[in-house]
Amino acid sequence: MKSSALKRVDLIFESVNVREILDKTLKRKPEEIIQDVLDSGLRGRGGAGFPTGMKWKYTAAEKNAVKYIVCNADEGEPGTFKDRQILDEVPRKVFGGMAIASKAIGAKIGYVYLRGEYKFLVPKLQEEMEIFHAMMKEMKHDFRLELRLGSGAYICGEESALFESIEGKRGEPRNKPPYPTTSGLFGKPTSINNVETLVYTVMICKYGADYFHKLGTTDSRGSKVFSVSGDTPKAGIYELELGMTVERFVEEFGDGDTKAVQVGGASGFCVPRKKFRDTIIGFEGVPTGGSMKLFNSSRSMYNVLHNYLDFFTEESCGQCTPCRVGCQQLLLGVEAVKRGERNSRYLDELVKLAGTMKIASKCGLGQSVGNAFKSIVENFKEEIIY
Amino acid sequence: MLEQVNLVKELADKHGRRRDSLIPILQGLMEEKNYLTDEAMVLVAKELDISAADVYGTASFYTFMDTDVRGKYVIRICKTISCSMKGKIEVLHTIEETLKIKVGETTSDKKFSLLETNCIGWCHKAPAMLINDTPYTELTPQKVTEILQEYMKM
């Protein structure tokens with residue numbers, strides 16, 4: 001049983017004639033486009049996995065003269081770097097996806113929110129935007145793009161925080177509901193989609209919903225771009241069919257001594273060796289926005305956990321107490337256990353705290369700190385204590 | 001001072017005077033100088049007719065909008081685990097020794113500031129750092145020395 005189950009796919013970076021796809025797609029009815037995206041089974045590729053077709057359908061249903069499509073290019077999850085590569089290599093496909101979305105939902109303006117760390121891409125993207133605008137004009141499709149930059153805040157990848165940031169404010173997440181599809185950017189109905197998701201919509205329009213639907217599993221249709229790093233001889237970006245187990249993934253990318261894989265970055269889950277075989281990478285198992293970090297047996301999982309908690313403590317926006325104080329206390333807590341000032345039972349208290357954060361935090365950041373915390377503490381308890 | 005007044009006006013003409021113009025204006029100021037002075041923030045507030053506290057409140061939220069004095073070249077070395085696993089600490093020590101500053105400090109000639117930052121999206125080519133907007137990857141102590149020497153000449 002070698003890695004035959006790992007199927008390479010080439011949809012995202014495939015060189016295609018975007019103009020041709022748009023010529024065909026923009027002539028279709030919005031309902032038809034949305035139905036295709038629904039039928040494909042595409043779910044958001046930023047990590048949360050909301051069905052893209054539903055997002056478009058809800059936004060399309062809103063009766064408002066002004067609507068927006070926003071491309072979330074605030075790729076900040078530790079270990080994720082695929083959106084940078086996509087924007088660098090196939091920006092036309094990303095903008096093409098936004099044009100398709102604009103037709104589907106009825107938006108005339110689109111925003112691209114790029115993380116400040118990727119500012120070096122700006123000249124290229126601006127140039128590409130000019131070409132895009134000329135193309136829109138020729139095609140008589142009333143749609144314009146605006147480029148906005150982040151300034152080093154991880155939380156702005158959270159959709160409502162991202163809106164706040166475009167609006168010129170502190171990037172603090174909003175309460176939900178209302179959801180962006182009813183009240184998003186500037187209070188208008190908004191569909192916000194990840195870079196990779198938008199490119200897939202272009203490919204679904206090119207090859208049809210069935211083509212995409214046939215790939216992957218019931219819960220995780222299609223393929224996905226993975227960012228592979230850590231203890232691997234093959235670090236890089238790979239587009240793979242969804243539905244593989246962690247075991248298959250490690251066979252392909254491991255260094256022969258993999259002890260754990262962190263799937264989904266700091267806000268994702270740690271899968272230990274004993275669970276490789278039974279864990280599927282996808283929405284039915286461990287979901288990921290792309291981040292796949294491999295750790296071999298020379299690594300201390302305490303250091304990994306400490307690094308993630310330090311990250312969250314710094315990146316928590318501080319607005320809600322469960323997240324602000326919770327992150328700090330988890331960090332101080334594991335440090336105290338490591339120094340022997342607290343006994344190992346204290347870890348159980350901390351796991352409970354992480355559980356509380358999941359329920360009580362306002363947004364996805366605080367809600368997901370417990371994913372890495374619980375999965376590392378429970379699987380590598382002795383490394384945390386000694 | 002007059003120079004700053006003109007710059008703020010210029011940026012406001014370019015980006016507009018609405019609330020959502022604020023961040024592009026502040027980012028424009030950051031391009032001129034690697035940090036925001038109190039005076040500049042007050043000028044922006046006047047130009048957009050909002051309170052200076054709002055401007056400061058917004059600026060201070062974003063890690064890349066420094067309100068402390070920074071050098072001409074701001075080095076941000078990635079401190080996320082993937083970079084640490086690939087020898088980031090040796091690279092950091094080399095920078096500290098070469099520039100004679102620690103993380104969080106600025107050289108006395110105001111040329112370099114050294115900071116740590118969270119994942120900058122180059123884990124497959126770790127360790128990585130940014131100098132202003134430019135990423136540098138697959139760093140080694142030798143490579144980072146050469147890079148710094150180039151900047152020292154500038």
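Chain B of this predicted model holds 7 helices and 4 strands. Helices here are DSSP runs of H or I with at least four residues, strands are runs of E with at least two, and both are numbered from the N terminus. Reading along the sequence of chain B gives the pattern α-α-α-α-β-α-α-β-β-β-α.

Before going on, a word on how to read the names and values. Residues are numbered from 1 along each chain as its sequence is written, and chains are lettered from A in the order in which they are written. Because the model is predicted, local features need pLDDT of at least 70 and side-chain atom pairs count only at pLDDT 80 or more, while totals for chains, interfaces and linings use all residues; side-chain values use heavy atoms, with hydrogens and water left out.

**Chain B as a whole**

Along its principal axes, the C-alpha atoms of chain B fill a box of roughly 50 × 30 × 25 Å. Of the 154 residues in chain B, 56% are buried; buried means under 20% relative accessible area, exposed means over 50%, and partly exposed lies in between (1.4 Å probe, protein chains only). Among the contacts in chain B with a separation of 6 or more, 61% are between residues 24 or more positions apart, where a contact means heavy atoms within 4.5 Å. Chain B exposes about 7100 Å², and carbon and sulfur atoms supply 50% of that area.

**Helices in chain A**

Now turn to chain A. How do the axes of H3(A) (residues 52-61) and H5(A) (residues 91-105) cross? They come within 8 Å and cross at roughly 45°. That angle makes H3(A) oblique to H5(A). On the H3(A) side the contact is made by Trp56(A), Thr59(A) and Ala60(A), and on the H5(A) side by residues including Gly97(A), Ile100(A) and Ala104(A).

After H7(A) comes Gly168(A), with a positive phi near 90°.

Thr197(A) sits in helix H8 (residues 195-207) of chain A. Thr197(A) is buried, with a relative accessible area of 1%. Leaving out residues up to four places away in sequence, Thr197(A) touches Leu42(A), Gly44(A), Arg45(A), Gly46(A) and Thr52(A).

**Backbone details to find**

| Feature | Residues | Angle |
|---|---|---|
| Cis peptide bond | Pro177(A) and Pro178(A) | omega about 5° |
| Cis peptide bond | Ala126(B) and Pro127(B) | omega about -5° |
| Positive phi, not glycine | Lys140(A) | phi near 55° |
| Positive phi, not glycine | Asn132(B) | phi near 50° |

Where are these residues? Pro178(A) is in the loop between H7 and S4 of chain A, and Pro127(B) is in the loop between strands S2 (112-117) and S3 (129-131) of chain B. Lys140(A) belongs to the loop between helix H6 (122-138) and S3 of chain A, and Lys140(A) counts as exposed at 76% relative accessibility. Asn132(B) lies in the loop between S3 and strand S4 (134-136) of chain B, and Asn132(B) is partly exposed, with a relative accessible area of 26%.

Methods:
Areas by Shrake-Rupley, 256 points an atom, 1.4 Å probe, with all protein chains shown as cover. Axes fitted to C-alpha atoms, helices over the stretch in contact; angles between N-to-C directions. Parallel < 35°, antiparallel > 145°, perpendicular 65-115°, else oblique.
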